[in-house]
Structure formats: structure tokens, C-alpha cells
Amino acid sequence: MLKLNPITPLGLNTKDVESFTSLVMRSAGRHIVSTSRLLRYCFETGQPSTECNPKWGAISNAELVRPNRTNMALLEAYSACSDCDQDDLERMTFIGLGRAVHRCSKTFAKNIRWCPACFSEMDKSQSIPYLKLSWSLLGHTHCEDHHVALIEKCPHCGCKQNSTKPNNQLSKCNRCNNSLYDDQSLLADTDPPYSGDLLSLIYATATLPTQDFPIEGAKTSLNDIYEAHWHSKIERVLWEHIPRDECLTYVDHKPITLLIARRLAVLLDVPLVDFILGLGLYTSRSITHSWPNDTEILFKAQRRTLSSLELIRIETSLKRQLKASHAGDEAPSLAAIAKTLGCSTGGLEYHFPNLCDQLIALRTEQQAAKRIEQFKLAHHQAFKIIAENPHMGRKKLIRKLRQQHRLPVHILRKAIQIERVTPN
Ligand SMILES: [Zn+2]
Ligand SMILES: [Zn+2]
């Protein structure tokens, strides 16, 4: 298969991650073909497994980040025709988000949008201009770094940048070829809105595998929070945060879009990302101590308390470790495990006594078996070396054995001792 010229996605794993739209535009510019031509070539060559029938004339560059079947297929095809990893490409789109919330026309921008100051900065530093994924979210209106408004029309000729024509430098207008910024557009707003919740979402999108966004994750969060209050007989506390009818509508049937998820997260005082990832009940909130879970998280002794989320994480790791050790891996000490998990040995023993006991027992058994194995080996080698050098002194023997086998000295010494007293 003929591969595309290699183009590296920019800003991977950061909030500044490049959008798939941008990568396709840069790639088309490099090959001097239109973006629709490039995508069509990939689709026909890469033969994606996702079934769909793209309408080539109607594909809009700005919409390539949306979670839908066609984009999934195009992304798969692009990955097949380039050296780009499909997982990386997915994290340059909202395919994960599309699993967790209901799709809605008001979420994503229809036109290419950009921060004039970011483009100006990229040009000045002579780095490759690209479109950031965050610029495709309609709710994100201002650049968080430069505090200037995102725009969608060339400040010189007023043209939108949705053309599929090849464009070699994304910071330049595809009609008048001027830079996509001017003095006016570079002026920072004095009090710009800051959509931190969306930026955290972008960060999660850029770093987590798509599967970490659970299907209907937002709904799971709301249902869990509702159930927890219901079972603790403190629903009234919940109604102080969110109107009862509104809550029940979404618990029951109404789909939760990104816009609704943002509203619910604010009302419920839960970080948006956790809400979308289905972890709404398990995340920390501000001081609302009558809620289930919070008393434990926030008001326990001064010592660092493990949150329920951390406990789940620790339990999973312990179980995984135990399974691996049963399968033959060397069981680490509790202290070593505690260190990797960022908690204390006491904490481990307190929260998971059974798992810890099993791990310790397994480790004792493994260590004993290991010592016997080492001893057998040492014994065998000592026998050989003594037979070859019957008059060699004990110290020299140990040194020689140690050079060859790196076994602990006390084991070697013991083996020699036994070998020397055994009559031949
Ligand atoms: Zn900017
Ligand atoms: Zn222009």
C-alpha cells in the first residue's frame, strides 16, 4: 500500500492537542490535494472495517472531530495509510465523548475556529501552525492562554476557512493568503469567560483511551448520585442542589448532552470530567458533608484519608498483583507495593487485610522456594569446583563461585562447608 508522507500529530497528550481536522488539512496541504481527495484516497486504500458510505462532496473539515460512524471510518482509513497510531488519532477527536454523552448539534463548531494570538505566536516562533482540538467546542469561546476571542473569519477578507482546497500554512487565509490575525483580533478581553471544565475535558480526551469514556457515563453518574441519596434516605439534600423534577427527568429517560452534563455537574458540584466518566458519585465535592461519602472523604482525622476512588484503584492493583504472583511473578513486599501506590503499609493492611495476608503468605512461600533453589545450585557448583580444585582454599573458592553465579555469600559458604565435610 502506498503510504502518505509522514506527518506527526502535534500536542499529543496535552490540552493543546491538535484536532484530526488540522492533521488532515496539513496532510492534504503537504500532498497538494484537497482534503476530500485525500480522505477519499485513504478510504479507498485503507479499507476501514467500519461500514459507511461517505458523501465526498459534503464532508466538512470542521466536523471531522465529531463522534460519528463516518469519521470513525475515515480515521481508521487515515491510520492505515499513514504511520499515525489509531488510538492517537481517536484522542484528536471527540469519539470518546460521544460514547459518554448524547450527541447534540449545539456542541461542536460548524466552522473552523482559531485563536489569532496562538497563530501569531506559532508564526513568530516558526513552529508549525495547527488547529487545537479545544477550538472545536462551541462552549469554549476564548483562548485560555491569551484571553482573546476565538474567531472563524479572516480579519482581512472576512472569509471562513472551511474550504477543502490544499493550504500549506494553516495560519494563512485560504482566500487572501494574509495571516489569520490582525492587531484588532489580538486584543485580549479584560474579563474573558474561562471554561476550565471544558479544558479539563479536552485534557481527559487527549490523554485517556476512548474506552475509558463509558457508554452513557454522564447518566451513570447521575443515577449513582440519585440512588446513593435515595438509599441513605437523604433525597432532600439532593433537591437542595437540583430541582427534583429536572433530576428525575434525566434519571428516567431524557438524554444528557454535553451542555446538560455541564449544567448538572455545576448543580451537583462535581467536576465535569468525573461526571462524564461515570465517576460522579466517587469524586470529591466541595463542603457538602451531609452527602453520602463526603463525611469520610473530608472530615476524618487530619491524617491523609484515602478517597473511595483511591481505594478502588488500590484494591484493583492488589488483586492484579496477587493474580500475577499466583501465575509465577515474584510477589513484592507490602512496603514496595505501598510505595508504588502512594499510600502507607498500615493503610494497605487496614483496608485490605485479606488481600495483604494472601500476598504475604505467597511471598514467604516464594522466598523460601527461591532460597532452596539457590542453595541447590550453589551446592552443585561447589561440588564441581572442589572436584576440579581439591586443594583450593575456602575463601578463594567462594570468590570463584561468586564471580560465576552472583549468589549470596552465606549460601555459597554453607554449600562449601557441606561439600568439604562430605567424604568423597
Ligand atoms: Zn491563544
Ligand atoms: Zn482572507
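Domain bounds here come from an automatic or database domain assignment. This is a predicted model, where local features need pLDDT of at least 70, side-chain atom pairs count only at pLDDT 80 or more, and totals for chains, interfaces and linings use all residues. Residues are numbered from 1 along each chain as its sequence is written, chains are lettered from A and ligands numbered from 1 in the order in which they are written, and side-chain values use heavy atoms, with hydrogens and water left out.

Start with the domains: colour 20-100 as domain 1, 214-299 as domain 2 and 310-421 as domain 3. The C-alpha centres of domain 2 and domain 3 sit 48 Å apart.

Next, select ligand 2, the zinc ion. Its protein donors (N, O and S atoms within 2.8 Å of the metal, or 3.2 Å for Na, K and Ca; water is not among the atoms, so sites may look incomplete) are the SG atoms of C154, C157, C173 and C176, at 2.3 to 2.4 Å. Along the sequence, these donor residues follow C-x2-C-x15-C-x2-C. Click on C154: it's buried (under 20% relative accessible area, with exposed over 50%, partly exposed in between, 1.4 Å probe, protein chains only) at 3%. C157, at 25%, is partly exposed.

Now for rings: seven aromatic pairs turn up in the whole structure. Pairs are Phe, Tyr and Trp rings (for Trp the six-membered one) with centres within 6.5 Å; planes under 30 degrees apart are stacked, over 60 edge-to-face, the rest tilted. Show F43 and W56: with centres 5.4 Å apart and planes at 65°, they're edge-to-face. Both are buried.

Last stop: W114, F119 and W135, which ring pairs link into a cluster.
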